Amino acid sequence: MTLVKRRTAVIAAGLAAVLSLTTACGSSGPAGGKGATAWALTGGDEQTFRTSFESSGVDAQYFGNDAYKQKIRTAIGANEAPTLVFSWSGGLLKSWVDSGKIMDLSGEAANDPAFVNRFLPSVARTGVIDGKTYAVPNNGMQPVVLFYNKELFDSIGAQPPKTWDDLMALVPRFNAAGIAPFSLGGQSKWPQLMWEEYLVDRIGGPEVFNNIAAGKPGAWSDPAIIRANTMIQQLVDAGGFVRGFNSIATDSNADTALLFTGKAAMYLMGSWAFPTIKQADPEFIAGGKLGWTTFPTVPGGKGDPANIVGNPANYWSVSATASEEQKQAALRYLREDLMNDSYVDSLLAGGSVPPVTGIEDKLAKTEDPQYLSYVYEMASKAPNFQLSWDQALSPGQADALLTNLEQLFLKQITPEQFSANMNATIGQ
């Protein structure tokens, strides 16, 4: 379950998944009933989904992360998908769209501009495929943030890095003080991808990955990829990451603990790290010891410093194989119940930041207004909010990416070998 943590924030234990599957298997199939149906994930924003579905009459079932992924693929292939299809958008959703399994929502958006315009543009854009809307956000945003321990920075008289040169200059200073510059859960592989995503964007801008996603031959050999991977290996050589990072697992929060226990000065992670730290060490948050900032700029880079990476949100789509009655019920839910005031309030109460326009006043009244407002501002001002590459690509390419990235960080392959290996996956 290497991808579970950042995709769902908190996933319930296996028993919940087993119970959900048992319930689902006892039904006649999502497409068989008259009312709209939905499948969602246990954990994370589950309670918001439950409350919203109950009030709107949607028949919902809930699954663990891995169980859901297996079940939804089978159901869509058999034309037995629920009316509302939960996804991360990206490569998997595109494959469903290409096979005609997902309803085009562009007409709905044209008839009711608020259908899409109520969402932040950087997040709504992820639900658009080939210029048409196929999905709308259903929960909070999860941009990747550079967290830092203020006490450790004060101990060496330093400020958080604004440029890559600043970052590299901090590495020997923290090492000399016996502090790891960066925490990293390398055993889980996917945390390393955040470094790749940000560096490539800062150096070459969004078009570099857009070419990769479009399957352009040789796209992985773009100079921005080579330079980014060279910089990553230079950071490894300089001792930028905690010793033994390749044996640290993110799913156990071992990497997060290094930050708030004073073992590591900085931590590049999704915005969910804040509630994780708050739960583990409330005093660290209450004492103002946690800082956060954006990823540094790179000299000569083409990318906008305001661009961000991560998970814009999770998304709802409507099954193209549902009955007309089910489709209309689902569309009514998306128009009237999704992200209304009570829905937004529920997400905020759970520590999630909804991708909805005009909620600044609501954010100011939350328990952690400074942090939540920061996350909201990051996303609302981002010219581009890049979906995590391993979600944007096909599953096969994503697996190869994480494997090669692990080898890159361990210096088992060169930047040029990384590009050659990934170029071989284009079209798969």
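Is Arg50 buried, partly exposed or exposed, and what is its relative accessible area? Arg50 is partly exposed, at 29%, where buried means under 20% relative accessible area, exposed over 50%, and partly exposed in between, computed with a 1.4 Å probe on protein chains only. The model discussed here is predicted, so local features need pLDDT of at least 70 and side-chain atom pairs count only at pLDDT 80 or more, while totals for chains, interfaces and linings use all residues. Residues are numbered from 1 along each chain as its sequence is written, and side-chain values use heavy atoms, with hydrogens and water left out.

Arg50 also takes part in a salt bridge, its side chain meeting that of Glu46 at 2.7 Å, N to O. The term stands for a side-chain nitrogen of Lys or Arg within 4 Å of a carboxyl oxygen of Asp or Glu. Glu46 counts as buried, with a relative accessibility of 15%. Helices (H or I, at least four residues) and strands (E, at least two) are DSSP runs, numbered from the N terminus.

In total, the structure holds 11 salt bridges. One of them joins Asp201 and Arg202, with 3.8 Å between the closest N and O atoms; both Asp201 and Arg202 are buried. Another brings together the side chains of Glu367 and Lys278, at 2.7 Å from N to O. This pair connects distant parts of the chain, 89 residues apart: Glu367 sits in the loop between α19 (360-364) and α20 (369-381), and Lys278 belongs to helix α15 (residues 273-280). Glu367 is exposed, at 69% relative accessibility, whereas Lys278 is partly exposed, with a relative accessible area of 22%. Through salt bridges that share partners, Lys278, Glu367 and Asp368 form one network.

Helix α20 has 13 residues, and the distance from its first C-alpha to its last is 18 Å, close to the 18 Å expected at 1.5 Å a residue; the expected span is 1.5 Å times one less than the number of residues. Among the buried residues of α20 are Tyr371, Leu372, Tyr374 and Val375, and also Tyr376, Met378 and Ala379.

Attention now turns to strand β7. Because 8 of the 8 residues of β7 (residues 142-149) are buried, the strand is largely enclosed by the rest of the structure. Both of its faces are covered, with Gln142, Val144, Leu146 and Tyr148 buried on one side, and Pro143, Val145, Phe147 and Asn149 buried on the other. Strands pair if DSSP finds at least two bridges between them. β7 pairs in the antiparallel sense with β9 (residues 264-270) over 5 bridges, with β10 (residues 290-293) over 4 bridges, and with β11 (residues 308-311) over 2 bridges. Leu146 has Leu268 as its bridge partner in β9 and stands opposite Thr293 in β10. Gln142, in turn, is the bridge partner of Asn311 in β11.

The largest nonpolar core contains 141 residues, and those with the most contacts inside it are Leu84, Phe147, Trp195, Trp220 and Trp316. The largest share of this core, 8 residues, is contributed by helix α11 (residues 190-204). Such a core is a set of buried Ala, Val, Leu, Ile, Met, Phe, Trp, Tyr and Cys residues joined through side-chain atoms within 4.5 Å.
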